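Biologist: Could you walk me through reading a model like this one? I'd like the general idea each time, then the case at hand.

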Amino acid sequence: MLRYIYGNDLDKYPTLAETMFQDRADQFKTRLEWDVSVDEAGHERDNYDSLNPLYVIWEGEDGCHGGSMRLLPTTGPTMVNDHFSHLSGGGHIVSPLIWECTRFCLARNASSRIAAALMLAGGEVMHNFAIKHYVGVFDARMVRIYRAIGSSPDIVGSEGEGREQISVGLWEFTDAAREKVAKRADISPETSEA
Amino acid sequence: MNAAPPMRLDIILEDLEGASELSELQTAIENLRDHFKVDHMVYHWVSGAGDQYGCGTYSPEWVQRYLEKEYLRIDPVIQGCYQRFHPVDWKRLDWSSKAARGFQKEAIAHGIGNQGFSVPVRGPNGQFALYTVSHNCDDDIWAAFTETNRRDLILIAHYFNQKALDFEPDRKPEPAQPLSPREVDALTLLAMGYSRAQVAETLNISEHTLRVYIESARFKLGAMNTVHAVARALSRGLIVI
């Protein structure tokens, strides 16, 4: 099932939170070899996790993390503005109606249905919170995943080549796009409502 | 001033931005309340230490009562919005405790209204504020109102908070967010009368990307819409045509 949890409520879901931060370490450090920090508990966390972001998390039947992403409004610190503004036209993108989506993560055994469900959930958050756009930073592998689930971002800028390529992209979520992703996720938009 | 109705919000925000005294925030919020034709609008700042500052249209009796009774501690709107980023319809909050139900009953008796919508704003260094609209009407009318106006209210909440921060003593003013080169390009071409499609083509970006640049520029300029944003950028000399 999908859960929508603010950072300061994660302690109410200890197993889910623990496995999410472990899966993030597995994806970003072990598999993608990004320069991220992993603590003694094997959790990958960064400064943005301390800003009380909203996490959208897929919880498996065993109570463990299946996939997740992290959302923050661009009125505060964001990865795209702090580190990647050279890829988005040289300035900051700032608006309470534009949020950043980062740390899109899938557990090792996650089905593509989970990725689609997360995108659909992102659309629900957008719809319910009156957000107009998401901005995100992602690697080449995610470009394929986004395409596969029918939710390709508009790529604003990229750097690097091949597997190492990092891009900044934008999402809108029209009703048509919502239907398309819902179909791939094999769940009705209503099921995922925030 | 007898401006046509569509200009009114722009004028109110212009006055808000130029405010040099706290009393002008009160005038602005009363004008905003009248503009949106709702019973009440309130701006409520809560510091990390629990100090409060506010302005708005609630009766002085209710404000006094709220402070005396320390309703900050039980108000579900504060509890439900603190440390959050998203706007909340009061119906979605937890009013189930006895204290919350008693509080609600008393608030309604003081004319607050049976409906409410609050936008949390997180400022620098743990600053937190709420911008609230409340009204007396049925659920359908309220749902239609919030659906139509919620994005404007989110922007207004942030503009209001930015101004309120300016009045905080001993505070270094936040540097204004400069327009990015792409935002300057987009607004310049719009000011020259280009259509959005022409602007996107000229800048070699998609219309979606253009919408994001315009959205971001509008927020940085404290504007409610694209025309307003272009006008402000021109009058401040940020774009030249």
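Biologist: Over which residues of chain B does pLDDT stay under 50?

Modeller: First, the ground rules: this is a predicted model, where local features need pLDDT of at least 70, side-chain atom pairs count only at pLDDT 80 or more, and totals for chains, interfaces and linings use all residues. Residues are numbered from 1 along each chain as its sequence is written, while chains are lettered from A and ligands numbered from 1 in the order in which they are written. Now, pLDDT is the predictor's confidence in each residue, from 0 to 100. Residues 1–7 of chain B stay under 50; the model gives them 3 contacts (C-beta atoms, placed from the backbone, within 7 Å) beyond four places in sequence. Chain B has a mean pLDDT of 91, with 95% of its residues at 70 or more.

Biologist: In what order do the 5 strands of the open sheet in chain B lie?

Modeller: Strands of a sheet pair through backbone hydrogen bonds, either parallel or antiparallel. Here strands are DSSP runs (E, at least two residues; helices are H or I, at least four), numbered from the N terminus, and two strands pair if DSSP finds at least two bridges between them. In chain B the order is E2-E1-E5-E4-E3, with antiparallel pairing. The edge strands, E2 (52–56) and E3 (88–89) of chain B, each pair on one side only.

Biologist: How many bridges join E1 and E5 of chain B?

Modeller: E1 (residues 40–46) and E5 (residues 128–135) of chain B pair over 7 bridges. One bridge partner in E5(B) is B:Val133, facing B:Met41.

Key: Two residues are in contact if their C-beta atoms, placed from the backbone, lie within 7 Å.
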